[in-house]
Amino acid sequence: MHKKNMFASVLVFFVGFASMAQGTTGNVPPPPAPPNPPGLPIDSGIVVLFLLALSFGVYKTYKLSKRAA
């Protein structure tokens, strides 16, 4: 019975020692940086899209007013 208690004590000691030897307290690496945003230029495309939509709206309005009259 004495040998079992001694073996359990030594086992608990070495498990505790091994878990403390990992060194994760205080040496935590920083989280990875977020990915960069995509480099899509949308400034000039928005103006062109707006002008196309405006011209299409004017065309459809003219076409519908011409049909009604």
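Here's a short tour of this predicted model, one selection at a time.

Start with the whole protein on screen, shown as a cartoon. You'll find 2 helices and 0 strands. The protein exposes about 7,100 Å², and carbon and sulfur atoms supply 74% of that. What share of the 69 residues counts as buried? The answer is 0%.

Next, select residues 2-20. That's helix α1, and Phe14 is found in it. Keep Phe14 highlighted, as we'll come back to it.

Now pick Met6, Val10, Phe13, Phe14 and Phe17 together and show their side chains. These residues form a nonpolar patch on the surface, and together they have about 550 Å² of accessible area.

Zoom in on two members of that patch, Phe13 and Phe14.

Is Phe13 buried or exposed? Phe13 has a relative accessible area of 53%, so it counts as exposed; the cut-off for that is over 50%. Phe14 comes in at 49% relative accessibility, so Phe14 counts as partly exposed.

Technical notes
Residues numbered from 1 in each chain as written. Predicted model: local features only at pLDDT ≥ 70, side-chain atom pairs only at ≥ 80, totals over all residues. Heavy atoms only, no water. Patch = residues over 30% accessible without salt bridge, like charges linked within 9 Å, V, L, I, M, F, W, Y side chains within 5 Å. Areas by Shrake-Rupley, 256 points an atom, 1.4 Å probe, with all protein chains shown as cover. Salt bridge = Lys/Arg side-chain N within 4 Å of Asp/Glu carboxyl O. Helix = DSSP H or I, 4+ residues; strand = E, 2+ residues; numbered from the N terminus. Buried < 20%, exposed > 50% of the residue type's maximum accessible area, 1.4 Å probe, protein only.
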